[in-house]
Amino acid sequence: MSSASASTLSGKTILLELGYEKGFKAKQELINFLREQHARVSYILTASTDYVFTTNNVDNSKTRRAKQLGIPLIDVEYVRQYRSSSSGQISIDINKFLIKSSEDQENFTRTGTITVLESRPNMCKINKFDASKIKLWNSDDEKLPCFDELTHGAIGKWAIFKETTDNSHVFFALELQIIPEQYYNPSTSDYRLRFRYEKQTITEGKQQDKNISIQYAFGNDPNEQQQLFAFYYNRISTMPRITRIRDMLPNQLGSKLLLRSLFMHRLDTQILDENVCQLIESIWLESVGDVNKILSVSPEFITLKTIVEAEAALLELKSTNDSAAATRFYSLLPHQPSCQIDLVKNRRALMEKLDLCQMLRDMLTVNELTNWNMKAPIEAKYRALKCYIEVLSSSTPEYKNIAKLIQSSSDSSEQVHIHNIFSVAKQSDSLNFRSTLSYQRQLFHGSKYSNFLGILSRGLVLPKMVAEDFGVVRTDIGCLGYGIYFSDSISTSLKYTTASTARPGRRLLCICQVALGESANYYSFAPNLTKPPDGFQSTHGVKRTEDNHSMFTDNEYAIYQLDQQLLHYVVEVSWAPKDALNIQLERLPIVHHQQCALDGVSVDVPTTIDDEIIEMAEQDYGLICPSSGKIIPLRSFHLRAQVVDTTVEVVLYQVYYNTSSMPIEAKYVFPLDENSTVCGFEAHINDKVIKGVVKE
């Protein structure tokens, strides 16, 4: 053989399975040589693999699977001899390097012969998959089979792709959904498996247009459903201008089942921006600070049972005016002397105490996850909210559109200064939102700064009672009764906000997607409403003009079902003349998981690390310093696992701390079962992020 094109390896698909004997550099040189011979180097074993290059002492699931498929195992020594044979001019018989199995070795000892696997294509027949034989259902088919995805359903496989053209974006979402056999109920689901295909086409222009197409395929044969998934995956991934998306926001694409599955993964893997850290810390301090001013007992000693009993005492007080109920309330939740108000005579204070109970519920839910530790890492506080928060860059079209909405809806006599716009996504809101309801708008909702711990952790809530239950006139937006209120004017919503004490001059405001549907117009106050009139889904207090003589000074909208609102943004603003605009805020101190890392020390992370063999005991796993052989201390870890049928997805987070004052080079070693597969790897070293690339 005088040229690479004439090589016996040319056009062959080769899998390398070399274990730990060969170092990184040696493996890379081997890969480069094979590619020079026009061979295809594969990282996965399939029936189309031609050879597996390995060594005699490697015995794992891949080599055993190769034997089952009849794929020859070739000793990697063949490549060394081939390279040394005058650049391939002397023919080297590859069959001489065939690794014999233990069965072959026994047969050779007994009979002097072995089975030569030259007829492998006849031994392993590959069934061609015909997608045209699979019935596809449109999402609006009347006879669409039943599939109870949200009760016990799980995601077996998923993929999201994006195609970009000059004037449109096309998204594709593929899902293989499974109901585990132990939960399968034929009365609620016709099949155990469902393939879901979604295509979203978003056309840019003066008015954005979105076209959505969803199709399903059902079955009970896992192999058929996986082949269908692979068929669509290969067809879409090979299209021009296609990229695979792995960081899609949870409320943009895919089934509710997929959104639910991806949401916690998104929270766990997020690197928090400094502005997000400041927001979380401020609402944390604000809510706890409010409670400490009112109560004489530390909030961490208050249980949910105590809060429920306190609420019951308030409700009894409302209906009976019995002072004993007030006494019982104050015994359950001891107050500072200055905050003990006669609740029998002051009915408005009774409403405030109910709000206090709601705040305590929110604090209990969130703080129990951090053990009531005010110095808990900011990452723990963030994940306790179970709400995805991301700061928008001021250069993005999304930020500019929101800024335009804010400025265009403010009064000319006021000035609203935007500090930050946070994109927010809550799993419960995304799953339950009535997206099919007509007439949807982005509207403002204002609230106290200390309420945002609850808003972000459990969402907006309906008021517990209407004003008449307390015999007082409501001072909040209550002119349309028992509902959640929104406005198309930021100036109106800002009236119901308060400035932060932790960050003076800063207020928070919600921007929600509101599904109004058919809205009933009102020109006079209707404080007794508990639901919209029949045939309507919301109410609208129409703004006063010279012609209509309305009682409403601004447009007000009320909904009476929680699933008609979806929190999209939290905006941090200053509002003149109420707030000073030129305050220079000091950054709140933030405790990170990596707080133990060296502060102020610049550490150069090498782009490559020379390969070297580490001699270590079998149990030595983790982050290891090669020069000394010592293991870097493991400070903490977090483990999350999701079981789907016979597969488990495990995400492991480990925090290591270099106790030395000098930068070190280290290698990370983690034991894996031979049937495990690494799906991703990230290393965060001070402010640098190293991402591993998984090749398929």
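Predicted model: local features only at pLDDT ≥ 70, side-chain atom pairs only at ≥ 80, totals over all residues.
Asparagine 321 has a relative accessible area of 43%, so it counts as partly exposed.

- Asparagine 321 sits in the loop between α10 (304-320) and α11, and its phi is near 60 degrees, a positive value in a residue other than glycine.
- Aspartate 322 caps the N-terminal end of α11, with a side-chain oxygen 3.0 Å from the backbone nitrogen of alanine 324.
- In α11 (residues 323-332), the buried residues are Ala325, Ala326, Phe329 and Tyr330. They are on the same side of α11 because they cover an arc of only 135 degrees around the axis.
- Exposed residues Thr327 and Ser331 are carried on the face of α11 turned away from its buried side.

- Leucine 672 belongs to the loop between β23 (667-669) and β24 (681-685); with a relative accessible area of 47%, leucine 672 is partly exposed.

**Other backbone angles**
- Most residues other than glycine have a negative phi, and most peptide bonds are trans.
- Tyrosine 439 has a positive phi, near 55 degrees, and lies in the loop between α15 (427-432) and β13 (440-446).
- The peptide bond from alanine 576 to proline 577 is cis, with omega near 15 degrees; proline 577 is in the loop between β19 (565-576) and β20 (622-624).

How values were computed. Residues numbered from 1 in each chain as written. Heavy atoms only, no water. Helix = DSSP H or I, 4+ residues; strand = E, 2+ residues; numbered from the N terminus. Buried < 20%, exposed > 50% of the residue type's maximum accessible area, 1.4 Å probe, protein only. Arc of directions from axis to C-beta. Polar contact = N/O pair within 3.5 Å; in protein donor to acceptor, adjacent residues only side chain to side chain.
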